[in-house]
Amino acid sequence: DKNKNKSDLTIEPLAENHYKRYKEDGTKLYVGMALKDKIESWTGKAIGINAGMECGKTHFILHDLQEYAEQNNKNILFLYNRRPLGQKLREETKRINNIKVMAYQTVQDFINRNDEEKINLDSYNYIVCDEAHYIFNDVFNKRTIYIYEELIKRIKEKRATIIFMTATGNELWNTLINEEEILDIDNYYYFEPSYRHIKKLYVQS
């Protein structure tokens, strides 16, 4: 249905990239457990990680990806959109030399001003977009369009590995996979949400 809102569309991952939140033995499955061994194959590609809270997305970046990057003399730019998260990330990475943490808004302003002294995206082998729906939800905003175009260009030219992470990005996934055709379905990973932490559900009539 061409009139259907893109945000309502659901991208179906490959069966091998569809992960349940809990393993058969009842223990939690975290992003790092599933994806650590795949990092080596991601060079120069777009990667989609569709996973909710408490799935270990940030832990995966700060530990598994960071360790792989360090071993291979590569650098990571971690983009965030919420100040509390940025403060937490800076605290956790202050002793890590190959990760730079920056707000989307800051990078957008530097790109807009063509200020390569402040930010040179070509110096990063991995660009991690946390809460990646932020970019696309406002992509036609005069500010967010700059970073969106830079990311797309780097994927098409295979200049960096761009990792998009969000749990609320149906429109983003559809655009990257079906319209821009820069995210291959075999590099799109879906982690089922879990509602075991919900003790009570109230329904208002």
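Buried residues account for 46% of the 205 residues in the protein, where buried denotes under 20% relative accessible area, exposed over 50%, and partly exposed the range in between (1.4 Å probe, protein chains only). The model is predicted: local features require pLDDT of at least 70 and side-chain atom pairs pLDDT 80 or more, whereas totals for chains, interfaces and linings use all residues. Residues are numbered from 1 along each chain as its sequence is written, and side-chain values use heavy atoms, with hydrogens and water left out.

The secondary structure comprises 7 helices and 7 strands; helices (H or I, at least four residues) and strands (E, at least two) are DSSP runs numbered from the N terminus. From that terminus on, the elements follow the order β-α-β-α-β-α-β-α-β-α-α-β-α-β. Of the contacts between residues at least 6 apart in sequence, 73% join residues at least 24 apart, a contact being heavy atoms within 4.5 Å.

Two strands are taken to pair if DSSP finds at least two bridges between them. In general, strands of a sheet pair through backbone hydrogen bonds, either parallel or antiparallel. Strand 1 (residues 18-19) is joined to strand 7 (residues 188-191) by 2 bridges, and the two run parallel; Tyr 19 stands opposite Phe 191 in strand 7. Strand 7 also pairs with strand 2 (residues 46-50), in the parallel sense over 3 bridges, and here Ile 49 lies opposite Tyr 189. Strand 2 in turn pairs with strand 6 over 5 bridges, again in the parallel sense, with Ile 163 of strand 6 as the bridge partner of Ile 47. A further 5 bridges join strand 6 to strand 5, which run parallel, and Ile 127 stands opposite Ile 162 of strand 6.

All of strand 6 is buried, 6 of its 6 residues, so this strand is largely enclosed by the rest of the structure. In a regular strand the side chains alternate between the two faces of the sheet. In strand 6, Thr 161, Ile 163 and Met 165 point one way, while Ile 162, Phe 164 and Thr 166 point the other way.

The largest nonpolar core contains 33 residues, among which Leu 79, Ile 127, Cys 129 and Phe 164 touch the most other members. Such a core is a set of buried Ala, Val, Leu, Ile, Met, Phe, Trp, Tyr and Cys residues joined through side-chain atoms within 4.5 Å. Two or more residues each are given to it by strand 3 (76-80), helix 4 (104-112), strand 5 (126-130), helix 5 (133-137), helix 6 (144-156), strand 6 (161-166) and helix 7 (170-179). Helix 6 gives the most, with 5 residues. Apart from neighbours within four places in sequence, Ile 127 is in contact with Leu 77, Leu 79, Leu 121, Leu 151, Arg 154, Thr 161, Ile 162 and Ile 163. A second, separate core of 32 residues includes Leu 29, Val 31, Phe 60 and Val 101.

The axes of helix 4 and helix 6 come within 8 Å and cross at roughly 85°. The two helices are therefore roughly perpendicular to each other, a class that covers 65 to 115 degrees, with under 35 counting as roughly parallel, over 145 as roughly antiparallel and the rest as oblique. Helix 4 contributes Tyr 104, Val 107, Gln 108, Ile 111 and Asn 112 to the contact, and helix 6 contributes Thr 144, Tyr 146, Ile 147 and Glu 150.

Key. Axes fitted to C-alpha atoms, helices over the stretch in contact; angles between N-to-C directions.
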